[in-house]
Amino acid sequence: MEKFLIRGGNRLKGTVKIGGAKNAALKLMAASILSDDKVVLKNVPKIKDVFIMAKVLEELGMKVDLSDSGTTTITPASSLRYEASYELVNQMRASIIVLGPLLAQVGKAHVALPGGCNIGLRKIDFHLRGLEKLGAKIRVKHGFIEAEATVLKGTNIDFNFPSVGATENILMAAVKAKGTTIIKNAAREPEITDLVYFLKQMGAKIDGAGTSCLVIKGVEKLRPTGEYTVVSDRIEAGTFMVVAVLSGGDVLIQNAPLNLMGMIKNKLIDAGVKINETDGGLRVSRNGEIKPLDIATLPYPGFPTDMQAQMMALLSVANGTSIITENVFENRFMLIDELNRMGANIRVQGPHAIVKGVDSLTGASVRVTDLRGGAALVLAGLAAKGVTEVNDVSHIDRGYENFEIKLKSLGADISRLDEQNSPNA
Ligand code: UD1
């Protein structure tokens, strides 16, 4: 296991470039299952989850070439297999997303029940019920979802909650179904819109991109995609905005998709963050003290749950008390105990975290429990007095490309070590 050793207190300055969105790249890779031709994706982030998805596709018989430049070429299988193993799905819950495209392409899918971040129940009932409505027969046996469909037929699906993954799975299954599928209360995250644009470039007939009602007219065959560039990662951009502010620095953030970051931008401005749009990117710095906030996570266009932990790190040193309400996942406050070990004053009341701002955090040894919580601990460490050891950083590598290298280039004192090299070992 690896860890980060951080000496806090440096004001971070310089330029950082945001990569492609994890949550879009993974889905575009899965959508390549639907293609009979080569797919070329640009701006694919080099992160652990992408490597796992590449392995999932290779297990299905496809060939995935991930180049250093972020261009990924995916060659179809000569004979597509239909099983995603427990070994891979257990490492990344998002692997469940191959279910829809496999059903559409081979009429069969065996996918292990997912693992992934331990941030709540993360049910998959909407995925399964939606696919059943499209005509699939589904059994869950020995830890595997076994789905089969000789033909998928268009239908109406109305989600109780706008689930990102279920919207995407149904969307990909419906693209080649017979007739029209209407998804109501669809999730509207920008990464889903990216998937819609990609599918449309392949010849899929989809109306309602970016809205909560997607209308998909099934087509028999898709056409070659040509190249497609993955949308920028709004969560990575938001994370670096918090980095700039928390460290009291001044950072130019390139390729941030500000038009997709409405609530993140508004809340940061309310907290006293200065964001200047320049030709070269977003210039982010602090406008005086950090002000307390009320934040409630919600599906897009609400405040994203994937930015909740980073905001908590920021608000832990605000001048006053903030309330953060987590509405999307029921167990996404795991970092609180770790932040409190660093001197934060946070307590949980049901879905609310009450964050009493403290003057400063102090370095401590902390353990990463999930991807975004891990990033938040690094941000806290950068602002803290003294040395912070962030243990088990593999979760962070799932979603941030070269995180510590980018931070170092901004002047952070951070290094990656094997856990055996701990000064306390
Ligand atoms: C995706 C994102 C994740 C983000 C989340 C919410 C990827 C790879 N991951 O996760 O980063 O935090 O959206 O924006 O894109 N639910 C059910 N039944 C279902 C499906 C979901 O009850 O069948 C519930 C979940 O338990 C959760 C909520 O709906 O409480 C939201 O989940 P969902 O939107 O599906 O998130 P993911 O697609 O897993």
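Residues are numbered from 1 along each chain as its sequence is written, and, as the model is predicted, local features need pLDDT of at least 70, while side-chain atom pairs count only at pLDDT 80 or more and totals for chains, interfaces and linings use all residues. Side-chain values rest on heavy atoms, with hydrogens and water left out.

Side chains of opposite charge can pair when their charged atoms come close. A search of the whole structure finds 18 salt bridges, a salt bridge being a side-chain nitrogen of Lys or Arg within 4 Å of a carboxyl oxygen of Asp or Glu. One of them joins the side chains of E191 and R234, with N and O 2.8 Å apart. This pair links distant parts of the chain, as E191 belongs to helix α7 (residues 190-201) and R234 to helix α8 (residues 234-246), 43 residues apart; helices (H or I, at least four residues) and strands (E, at least two) are DSSP runs, numbered from the N terminus. E191 is buried at 5% relative accessibility, and R234 is buried at 6%, where buried means under 20% relative accessible area, exposed over 50%, and partly exposed in between (1.4 Å probe, protein chains only).

A salt bridge is also formed by R283 and D250, whose closest N and O atoms are 2.6 Å apart. R283 lies in strand β17 (residues 281-286) and D250 in strand β15 (residues 250-254), so the pair ties together parts that are 33 residues apart in sequence. R283 counts as partly exposed, at 42% relative accessibility, and D250 is likewise partly exposed, at 22%.

In a further salt bridge, the side chains of R416 and E404 meet at 2.7 Å, N to O. Here R416 is in strand β24 (residues 413-418) and E404 in helix α14 (residues 403-409), 12 residues apart. R416 is partly exposed, with a relative accessible area of 28%, whereas E404 is buried at 10%. E2, D397, E404 and R416 are linked in a network of salt bridges.

Helix α4 (residues 99-106) is largely enclosed by the rest of the structure, because 6 of its 8 residues are buried. The buried residues of α4 are L99, G100, P101, L102, L103 and A104. Their cover includes α1 (22-31), β7 (108-112), α5 (125-133), β9 (144-148) and α6 (164-174), with contact taken as heavy atoms within 4.5 Å. After α4 comes G107, whose phi is positive, near 80°.

The ligand is surrounded by 20 residues, of which the closest are K27, D125, S163, D306 and V328; a residue is near a molecule if one of its heavy atoms lies within 4 Å of it. The residues of this shell divide into 7 nonpolar, 5 polar and 8 charged, where Ala, Val, Leu, Ile, Met, Phe, Trp, Tyr, Cys and Pro count as nonpolar, Asp, Glu, Lys and Arg as charged, and the others, Gly among them, as polar. At least two residues of the shell come from each of α1, α5 and α6, and α5 gives the most, with 3 residues. An oxygen atom of the ligand is 2.6 Å from an N or O atom in the side chain of D306, and a backbone N or O atom of V328 lies 2.5 Å from a ligand oxygen atom.

Conventions. Polar contact = N/O pair within 3.5 Å; in protein donor to acceptor, adjacent residues only side chain to side chain.
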